[in-house]
Amino acid sequence: IGIAILESSGFTSYLYQNARNPFGMRATKIWKGPTFIMFHEGADAPFRKYESPAGAVRDFAKFLRSRRWFHDALLCPTSDVDCFLTGMSANK
């Protein structure tokens, strides 16, 4: 939720308002869903577009689970902050 708030400027960003994308997820070649074109970093860029914020959250969770560097942290109980931080650390 913190990432969504930061990336979407408290759910007020242009991308969130037009594409329900609170995480700033780009529409790369693997993305098969709808896109929203927006000027970003000097050029038009495709971003993932969602029907609802819930769809964005599910997709972002899928993205995190697909990255091996998040694996250990995502195994932690949700209330165990120390486990999460250790899991995210490169120096385990």
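The model is a predicted one, in which local features need pLDDT of at least 70 and side-chain atom pairs count only at pLDDT 80 or more, while totals for chains, interfaces and linings use all residues. Residues are numbered from 1 along each chain as its sequence is written, and side-chain values use heavy atoms, with hydrogens and water left out.

Cys-76 is joined to Cys-83 by a disulfide, with 2.0 Å from S to S; a disulfide is a pair of cysteine sulfur atoms within 2.5 Å. The structure holds one such link. The angle about the S-S bond is -75°, and the link of Cys-76 and Cys-83 is left-handed. Cys-83, at 28% relative accessibility, counts as partly exposed.

Next come the nonpolar cores. A nonpolar core is a set of buried Ala, Val, Leu, Ile, Met, Phe, Trp, Tyr and Cys residues joined through side-chain atoms within 4.5 Å. The largest one has ten residues, including Phe-23, Met-25, Trp-31, Tyr-50, Phe-60 and Phe-70. Helix H3 gives the largest share of this core, three residues. Helices (H or I, at least four residues) and strands (E, at least two) are DSSP runs, numbered from the N terminus. Another core, of six residues, lies apart from the largest one, and among its members are Phe-36, Met-38, Ala-45 and Phe-47.

Phe-70 touches Leu-64 and Met-88, if residues up to four places away in sequence are not counted. Contact here means heavy atoms within 4.5 Å.

Helix H3 covers residues 53–66 and includes Asp-59. Asp-59 counts as buried because its relative accessibility is 13%. Apart from neighbours within four places in sequence, Asp-59 is in contact with Met-25, Trp-31, Arg-48 and Tyr-50. Of these, Met-25, Trp-31 and Tyr-50 belong to the largest nonpolar core.

The last topic is the backbone angle phi. Most residues other than glycine have a negative phi. Ser-9 is not a glycine, yet its phi is positive, at about 50°. Ser-9 is found in the loop between helix H1 (2–7) and helix H2 (14–19). Arg-20 also has a positive phi, near 50°, and is found in the loop between H2 and strand E1 (35–40). With a relative accessible area of 29%, Arg-20 is partly exposed.

Definitions and conventions:
Buried < 20%, exposed > 50% of the residue type's maximum accessible area, 1.4 Å probe, protein only.
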